[in-house]
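Subject: Structure handover

Hi there,

Here is the structure I promised to pass on. Please open it alongside this note, and have a look before you read further.

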Amino acid sequence: MGGEFRHDLTVTDATVLSALAERTGMRFGYSTDDPHFSYQLSRAGDEHVAVSTVHVGGAMSLWGDTEVFTVAHVRGVRYDWQIREESGSAAGGSSVLFRPEHPSLVVAQDVDVTLVHLPVALVQQTADTVYGARTPVAFAASTSAGNRLGQYWSGLARYGAGVLASAAFDEPLVRSELTRQLVVGLLECFPLVGDPDERYLSMEAQARRYRIAVQFLDDSASGPVTVEDAARAAGTTTGALVRAFRANHPLGLTPAQYLRRIRMEAAHRDLAAGDPAAGDTVKDIAARWGFAHPGRFAQYYRQIYGMTPRRTLDH
């Protein structure tokens with residue numbers, strides 16, 4: 001996958017599908033002898049995620065391997081799959097995970113499929129952050145770990161397809177948040193090789209460190225505190241605290257970004273309450289909250305509030 005892309009197409013010749021699939025890391029061959037075969041595809045994404053909605057009219061078969069993690073959520077008449085020693089049917093509204101180095105065979109007929117494609121490196125990076133353990137990601141099965149998690153992934157797949165169909169998908173922040181939800185959902189919904197208790201203990205420890213650090217930064221942002229101070233308060237290292245924030249903050253902010261956001265909010269309040277006639281200036285208020293460079297402060301401020309700090313002060 002390269003940069004941002006979006007395209008829609010309809011194919012009636014299955015032999016051209018292999019070239020299309022390669023773009024999202026699916027090294028598959030396709031065949032059909034159904035004279036009524038059609039393949040309608042809508043796909044969008046960027047270098048981190050691709051989401052596809054596919055309608056297969058008629059019957060077809062596909063086989064091969066994938067270089068990315070791909071989850072197919074399926075509804076329709078037939079979607080029989082075999083991946084190494086595993087096999088099953090996903091046509092009734094369930095999902096199947098395709099993994100690198102796991103040759104697969106699928107026979108499909110009259111189905112609607114939502115495909116989520118996630119690069120291995122991104123999934124590994126997220127797993128390192130979420131679980132706090134740097135062990136290679138390996139999935140133990142091609143189906144979800146129970147009905148509840150299967151239903152959760154189905155909801156994520158429907159949500160992803162809805163975002164894909166909207167103009168909001170063109171916004172980088174929307175794609176970033178969707179990517180994070182899909183990667184974490186993949187890690188939680190499909191069983192991983194290894195001890196789950198160790199992973200969840202690590203997650204609980206990270207959540208505890210995150211809560212302590214957030215409270216510390218909220219209480220101390222007006223003073224000369226640093227991220228290292230927050231790490232000490234949480235009883236951990238700076239690197240571990242960064243991973244805890246990445247895993248737990250709704251926007252995936254780092255501790256430094258969170259601290260800057262708190263101080264920016266405080267500066268915003270002071271600007272809104274300030275009086276230029278009394279001598280209040282943007283430069284002084286920015287410096288009060290740790291922003292020594294007025295130009296950078298103005299840049300950050302516009303990104304968050306959509307206006308210059310001077311306009312807020314003069315309002």
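First, the ground rules. This is a predicted model, in which local features need pLDDT of at least 70 and side-chain atom pairs count only at pLDDT 80 or more, while totals for chains, interfaces and linings use all residues. Residues are numbered from 1 along each chain as its sequence is written, and side-chain values use heavy atoms, with hydrogens and water left out.

**The cavity**

The search gave one cavity of 30 Å³ or more. A cavity here is a set of points, on a 1 Å grid over the protein atoms alone, where a 1.4 Å probe fits but cannot get out; lining residues have an atom within 4 Å of a point. The largest cavity holds about 270 Å³ of space, a volume being the space filled by probe spheres set on the points, which are joined across faces, edges and corners. Its lining has 21 residues, and Tyr30, Tyr39, Val54, Leu62 and Leu115 are the closest to the centre. By class, 17 are nonpolar, three polar and one charged (Ala, Val, Leu, Ile, Met, Phe, Trp, Tyr, Cys and Pro count as nonpolar, Asp, Glu, Lys and Arg as charged, and the others, Gly among them, as polar).

Which element gives the most to this lining? That is S4, with five residues. Helices (H or I, at least four residues) and strands (E, at least two) are DSSP runs, numbered from the N terminus.

**Strand S4 and its partners**

S4 (50–66) has 13 of its 17 residues buried, meaning under 20% relative accessible area with a 1.4 Å probe, protein chains only. Strands count as paired if DSSP finds at least two bridges between them. S4 runs antiparallel to S2 with six bridges, to S3 with eight and to S8 with 13. Ser61 in S4 stands opposite Ser31 and also opposite Val107 in S8. On the S3 side, Tyr39 faces Val56, and a hairpin of four residues connects S3 to S4.

**The pocket**

The largest pocket has a volume of about 810 Å³; a pocket is an open set with protein on both sides within 12 Å along at least five of seven lines. Of its 19 lining residues, Ser176, Arg180, Arg246, Leu251 and Gly252 lie nearest the centre. Helices H2 (120–131) and H4 (172–189) each give two or more residues, and H4 gives the most, with eight. This lining has six nonpolar, seven polar and six charged residues.

Best wishes

Notes. Buried < 20%, exposed > 50% of the residue type's maximum accessible area, 1.4 Å probe, protein only.
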